[in-house]
Amino acid sequence: MIHFLDAANHALFFYYLLSNVAYLAMLVIALRTSAAHLRHLECIRFDWIKASPMVPPITLLVPAHNEEKFICTAVRNLLDLDYPEIEVIVINDGSTDETLPIMQKEFRLRLVRAVYVPQAMSAPVRGLYRSDVDVRLLVVDKESVGSKADAVNAGLNAASSPYVCVVDADSVLERDALLRIMVPIMADPKRVVAAGGIVRVLNGADIEAGRIRRVRLAKKSIEVIQVVEYLRAFLIGREAWARGNMLMIVSGAFGVFRTDLVRAVGGYRPFAIGEDFDLVTRLHRHLLEKRTDYRIEFVPDPVCWTEVPSDLRSLARQRARWQKGLLDVLWPNKDMLFRPRYGRIGCLALPYLWLFELLAPVIEVTGFVTVLLAAVFGALSWSFSIQFVLFGYGFGTMISVGSVLQEELTYKRYNDWQDVARLVCYCFLEHFPYRQLHMIWRLQGLWQYFRGDMAWRPLQRRGPQSVDGDKAGSSPVAVS
Amino acid sequence: MESAFDTFRKLGPAAFVVKAIVSVIVAVVLLLGFILLRRTYRKWYFANRDARRFAIRQKWDALISGKIPCTAWRTKASERQLIEDMVLDAFEIANSEESVRLLKFMRASGLVEKRISEARHHKGWRRHRALVALARTRAPEGIPALSEGLRDRDSETRLAALRGLGRMACPEAAKEILNWVDDVGLVVPALPLQSALVQTCGERPQVLLPHLHNADKTVREVLGRVLGEVASSSLGPELLQFADDDLPELRAAAARGLAYLNPSAAVNVLGELAKDAVWFVRLRAIVSLGGLCHPAALPSLLHGLTDSNRLVRLRAAEGLVDFKADLAQIFEMVVALQDQYGLHAFLTAVENAGLQTSLAARIQTSPRASSETIQSLLEVLRTAKLSPEPPAPQESIRVKAASQS
C-alpha cells in the first residue's frame, strides 16, 4: 500500500511537472510569436488590404434565440463593420419573444425566395427575409431544436460568400476585427482555411450603443479571474498551438471559416455540445485524410468582446458544459490518437487535450486522495509536499503572470494601471479556492455526460447593452 | 538585536513557507513597479511625440516648401521618422496637386532615396518595413528596389514587395511583377499576386498578353483571372482569341472582357461561351450577356435559366430582370420553359429587385394575352409553382428573340 501511494504521488508530481513544462514551452513560443506578430503588424497597411480588388466577401452568421433586447443594435454594429463586402445572416432560432417582429419593423424585412441549399442538417426553415433598409441583411426564420449548431447550419445553407464568420448576437466585435482576422487568409487563401480571433471579457467595460466606449476590468473577483483565464488561454495557449498548426479550437464567438470546407464536412454537428471544437476537429480530420497542405490560424489582434458568467452557478454550468463538450468531441475522435496519418494533431494536440484537459480533474482528485492517504499512513514527506505545492503554485502563477505581462507588453487593452495591478494580484489569488471549484465543476460535467444529461442550462447574462441598461435599472435576461 | 535571518531560522520548516510568501510579495511589487515604470515612460514618450508633431505641424508649409532646409532635421533619426510618417499620412489622402508637392518634398529631402537604400541593403523585417514605406511614397524610382524585394528569401518580404508594386498601380510595376513570375513561377500565394496585377494592369491590360502566351499552366490561370478583372474595350478583338483557349480561366476572362465590346460583336461569342462545359465560364458569359442588356442576348439568358449550376441560373435571372420593359413577356417565356429551378431563380431575382408588384400589374394589363393566360401567369407568380399545362409564349416575342439572336 505504502509503495503504491508513493508511486502514485511520484506519478502525480511528474504529471504536474510535465503539464507545467508544456505550459512554459507554450509561454516561450507565444512570447516569440507575439513579438513577430507585432513587427508584422507594423508593416501591414489595412487600408491597402481594404482597397484590394480581391478582398473575399464574408457572411456573418448570427444565431439569435430570444434576443429582442439587443438584436437590432448587434445587427447595426455588424453591418457597420469596417470590411468591404459583408453579408449578415441572422438566424432567428425559434425565438418566443419579439426578436423577429422587432427586426421586421427596424430593418423593414420582406419575405423572399433567397437561395437556401440544405447541405448542412438543420431544423425546418419557416421563411427567409431580406431587409429593404440594407440588402446585405438576410434573416432566416427557423424552428428551434435548442441547438446553436443547428441554427448556424441554417445560416450556412443560406450563405453566399466564400467565407463565413460565426458571431454570437450578444458579443461585440471591434470595428476592424474582420479586416484583421482576414490578414492571414488573404495572404495565403489556399492554405489558410480558418482563422480565430481573440475573445476578451466584456464585463466591466463601458458600452454605448453596443460599442465599447472604455475597457475596464470587472469588479467581481469571479469575473477578474476569468479575465486572467481568457488571457492565458488565448495569448499563450492558442498562440502557441497555432504556431505549430495544431489549433484545435476556433472560438464559437468569433472565427472565420472557408464556407466550402465547412459544407464539405457537413456543417456543424447539430447536437454537438462544444460545436466550435467539434467543427475544427472534423476539419483537421477531413483535411489530413485528404493530405491537404493547410493551416488554421490564430490572430491575436482582432477582438471580440463577450460577456462571461458573473455568478458561481452560471460559471459552474458553463464549465461543466465545456468539459462535456470536450469529452463529446474527444471520444468520437479517439481513433485519431497516435496515428501517423493525423500528424501532430493525432500525436501531440489530441493526447495533450486528453491528458491535461479532459483527465486533469480526475487525476487531480486522485492526487488529493493519494496524498491524503499517504498522510494518514505516515508515508508523506511533509517538506516534499510543501515544496510540491509551492512549486505548483509558483509555476501556475508564473504562467498567469506571463499572460498578463504579455498583454501589457503587446496589446495593452487595459489602460488603467489599477486594472493591471488587480490582474497581477489575481494571478496569485486564483489558485485557492477557484481552481479547486473549477475541478469540481469539470468533474460534474464528466459525470453529467456519463449519465446522459445533455440538457442545456441557460446562463444568467445581461447582454452588451446592459451597462446602459443597468443605469436605467433593467433586469438581467436569460439567454441561451 | 537579532537579524531577520535569525528569525527565519527559528521558524524551522515553516521558514520555507514564509520565504515563499515574501518572495511572492517581492515579485508582485517588482512586477507592478516594472509595469508602472513602463507606463510612465510610454506616457512621457507619446506626450513628447505629440508635442513634436504639433510643433512640426505649426511649420508644415515652411518644411514642405523647403524654407526649412532638410539638413536641419534629416540627420536626427527620430525627427526624420516623425516627418516621414506625417508626410506619408498626408500623401495618402492628398489631392493630385498636393501629392505632387509632397512627392517633390520627399525626393528633395532624400526620404525616397533613403528608403530605396534601406530596401536594397537591409534584411528581414527592416527591409520589409522599408519596402512598405517606399510603396507608400508611390515614387516610380522605387520600382527597381521593390522589384529586388520580390527576390528576397523571406516570403513576408516578397509579399510586402508585391503589395508595394501593386500600390504603384502603373504598367512599369506590372512589367516587373510579370517578369519575375516568368523567371521564378508561382512562389507567392495566388491571391496577393492577382491583387497586385489587377491594380497595376488596369491602366494598360495589354502588358499581360505576351506573358499569357508564354507562361506555364498555373501562372496562366492566375493571369487569366487577372485578365478577366482588367479586360476593357481597349483589348478589343485580342480577347476573342482566348474564347476558344484550352484553359477555362482564359475562356472565362474572354467572356468577362467581351462585355466591354460592341454587343453585336460580342453576343454570338458569348452565346457560345454560355454553353461551355465549365460552369464558371458559363457564369462569366451569362453575367456579360446580362450586362449587355441587349435583346439578342435573351435566348442565351433564357437558356442560362435552365443551367445545372444555381449561380448561373441566378445570374441569368438577374440579367433577364434588367429587361424591365418586357418583364411580363419574359415571365411568360420563363414559365414556358417548364423549369421549376429556373422559375425559382427568376422569381428570386424579381423579388430582390422589388419588381413583384410591378410584374403582376404588367401581366394584368398585358394587351396581347388572353384572360386565361393572365390568370395562369398570376397564379404561377403567386404560388411559384408551374401549372401542368403552361401557357404558350406569344409568337411575337419568340420571333423577336429569335430574329435578334
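Two strands are taken to pair if DSSP finds at least two bridges between them. On that basis chain A of this predicted model contains an open sheet of 10 strands with mixed pairing, whose order is β3-β4-β5-β2-β1-β6-β11-β8-β12-β7. The edges of the sheet are held by β3 (109–112) and β7 (172–173) of chain A, and because each has a single partner strand, one side of each is left without a neighbour in the sheet.

Within this sheet, strand β8 (residues 192–201) of chain A runs parallel to strand β12 (residues 295–306) of chain A, the two being joined over eight bridges; Val201(A), for instance, has Thr306(A) as its bridge partner in β12(A). Helix α8 (residues 221–243) of chain A packs on the sheet, where it touches β8 and β12 of chain A, and its direction makes about 160° with that of β8(A).

Turning to the contact between the chains, chain B contributes 37 residues and chain A contributes 30 residues. On the side of chain B that touches chain A, the elements giving two or more residues include α2 (14–58), α7 (124–137) and α20 (340–352) of chain B, and the largest share, 10 residues, comes from α2(B). The residues of this side of chain B comprise 22 nonpolar, seven polar and eight charged.

One helix pair spans the two chains: the axes of helix α1 (residues 2–43) of chain A and α7(B) come within 9 Å and cross at roughly 20°. Since angles under 35 degrees count as roughly parallel, α1(A) is therefore roughly parallel to α7(B), and the crossing of these two helices is right-handed. Arg39(A), Glu42(A) and Cys43(A) of α1(A) make this contact with Trp125(B), His128(B), Arg129(B) and Val132(B) of α7(B), a set that divides into three nonpolar, one polar and three charged residues.

Notes: Residues are numbered from 1 along each chain as its sequence is written. Chains are lettered from A and ligands numbered from 1 in the order in which they are written. This is a predicted model: local features need pLDDT of at least 70, side-chain atom pairs count only at pLDDT 80 or more; totals for chains, interfaces and linings use all residues. Two residues are in contact if their C-beta atoms, placed from the backbone, lie within 7 Å. Helices (H or I, at least four residues) and strands (E, at least two) are DSSP runs, numbered from the N terminus. Ala, Val, Leu, Ile, Met, Phe, Trp, Tyr, Cys and Pro count as nonpolar, Asp, Glu, Lys and Arg as charged, and the others, Gly among them, as polar. Axes are lines fitted to C-alpha atoms, for helices over the stretch in contact, and angles run from 0 to 180 degrees between N-to-C directions. Angles under 35 degrees count as roughly parallel, over 145 as roughly antiparallel, 65 to 115 as roughly perpendicular and the rest as oblique. A crossing is left-handed if the near helix is turned anticlockwise from the far one by less than a right angle, and right-handed if clockwise.
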